[in-house]
Amino acid sequence: MHYSRTYCLIIFVFFYSYARSQDTMNSSTVENNSYRLYMAKNWNELEKYGNVAIEHGIDYYYLQMRLGLAYYEQHNYLKAEEHFREAITFNAGDGTAMEYIYYCCLFNGRYEEARWYSKSFDEPLKHELKIDSLPCVSAITFEGGVERSDSNKSFGNLYYGALGMEQYINNSFSLFHTIKYTTQIDHLFLPANPDDSIANRTRNYSKIAEYEYYLKATIPLGNKWVVSPAIHWLGVATNDTLRHPPSPPIVRPAPGTKPVLIPGTEYDTSFFSNYYLGSLSIEKRISYFHIALTETVAHVDSNTSIQEQVSLDYSPFGNSNLIIGFSIIPHTQNKFSTNYEAYSPYISCRPVKGLTLSASYIQNQGFNIIQYNGYYVDNILDLTTSSWSVTGEYHITPGFSIYAIYQLINEENTTKDFTYNYTLLSAGIKILPQ
């Protein structure tokens, strides 16, 4: 009986406390308590208390604004934005809430959405935030690098340089332009032929120069939807040189005399190829998740390929301090005659202020894929089976940053008789006009 009375008492206290909380949590107490926590800048407790109040059906403009500020001050910009948007449903056109939404997008790297959203501001708010004086050109990048092969008898170094620019069109959407030049020499040694010792020394040199132009538009549609169409042109100039060694003497020389060799021959062949591709990405942000669907169609090296990509990433802190994601890339060529998949996990973090580190891995099969919404085209004949990539960017000043890229790219020869790898080292600078 003693234990039965104890259990009953515990149950009674629990339900009594719950009933009391139901009675005491009303609009007046929520207003007083949330205001007190707000004035004390007790953001963590305000976040907890405000969410409990909303669960109890108490919801109004000032509570949503205070909750938005609690998340904002803790740098959880995704949740803060949700509450500021809810506040606007109670007070349409509220300038303070709209200004905070603008900064939430800005601090999360969603620059196009921020500038697009600012078009709805009234003139005093635009003037206060200097929206009308934002530069048309928002970024200029210079990048260069070298790829080195561990099979340097077959492949020379690849060098490239790129110039990029991002511009805004009436704060409605942005355009990103890139021009790129790449050059490489490879050396093909023909396999040995035991019946022809002279032909064994025949060598083929190929000098390749590649010219590229890439254009992508980023168009916000509202309600956290973004569409990004892109086009990419590649012009590839190839010069093949086939060199034969000097031929042996046709007539046996007389004893004691030196043979006279017939000079070897050299053949040059040059040609220029144009390749084209188009890509379309549709993105949607849902709370802490970001979903992107990308479709790419390309005609490269006489092959027409169609590639889909489904990407999902997660921001556990509601900001860009940590992003974890995964991509699945089905791809096919020549009217679905072949179907393959590639997979890519990736991660990005900001360990200290101003420094962003990101890493990714790609596992691929079948034939080479196109990455980054049609930006990177891997058009060599050999198969890239996998690659590791690490990028670091550091903002020296608000208007200037530097970055470096390291990649280890594993290749399989077209005849599948050997494998090799490329090591890419590149660096760049980014100028952000203020």
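What is the volume of the second largest cavity? The answer is about 60 Å³. Keep in mind that this is a predicted model.

**The largest cavity**
- Its volume comes to about 110 Å³.
- Ile362, Asn364, Ile369, Gln371, Tyr376, Asp378, Thr384, Ser387, Gln407 and Ile409 make up the lining of the largest cavity.
- Strand 14 (383-397) and strand 15 (400-412) are the elements that give two or more residues to that lining.
- Sorted by class, the lining of the largest cavity has four nonpolar, five polar and one charged residues.

**The second largest cavity**
- Around the second largest cavity you'll find Arg85, Glu113, Trp116, Tyr117, Pro220, Leu221, Gly222, Asn223, Lys224 and Trp225.
- Here the elements giving two or more lining residues are helix 7 (111-117) and strand 4 (203-222).
- This lining splits into five nonpolar, two polar and three charged residues.

**The nonpolar cores**
- The largest nonpolar core has 34 residues, and Val30, Phe84 and Phe121 have the most contacts inside it.
- Several helices each supply at least two residues of this core, among them helix 2 (27-39), helix 5 (77-90) and helix 8 (123-129).
- Helix 4 gives the most to this core, with eight residues.
- Leaving aside residues up to four places away in sequence, Val30 touches Met25, Tyr35, Tyr49, Ala53, Ile58, Tyr60 and Leu63.
- There's also a second, separate core of eight residues, including Tyr275, Leu277, Ala298 and Val377.

Note on methods
Residues are numbered from 1 along each chain as its sequence is written. This is a predicted model: local features need pLDDT of at least 70, side-chain atom pairs count only at pLDDT 80 or more; totals for chains, interfaces and linings use all residues. Side-chain values use heavy atoms; hydrogens and water are left out. On a 1 Å grid over the protein atoms alone, a cavity is a set of points where a 1.4 Å probe fits but cannot get out, and a pocket is an open set with protein on both sides within 12 Å along at least five of seven lines; lining residues have an atom within 4 Å of a point. Grid points are joined across faces, edges and corners, and a volume is the space filled by probe spheres set on the points. Helices (H or I, at least four residues) and strands (E, at least two) are DSSP runs, numbered from the N terminus. Ala, Val, Leu, Ile, Met, Phe, Trp, Tyr, Cys and Pro count as nonpolar, Asp, Glu, Lys and Arg as charged, and the others, Gly among them, as polar. A nonpolar core is a set of buried Ala, Val, Leu, Ile, Met, Phe, Trp, Tyr and Cys residues joined through side-chain atoms within 4.5 Å. Buried means under 20% relative accessible area, exposed over 50%, partly exposed in between (1.4 Å probe, protein chains only). Contact means heavy atoms within 4.5 Å.
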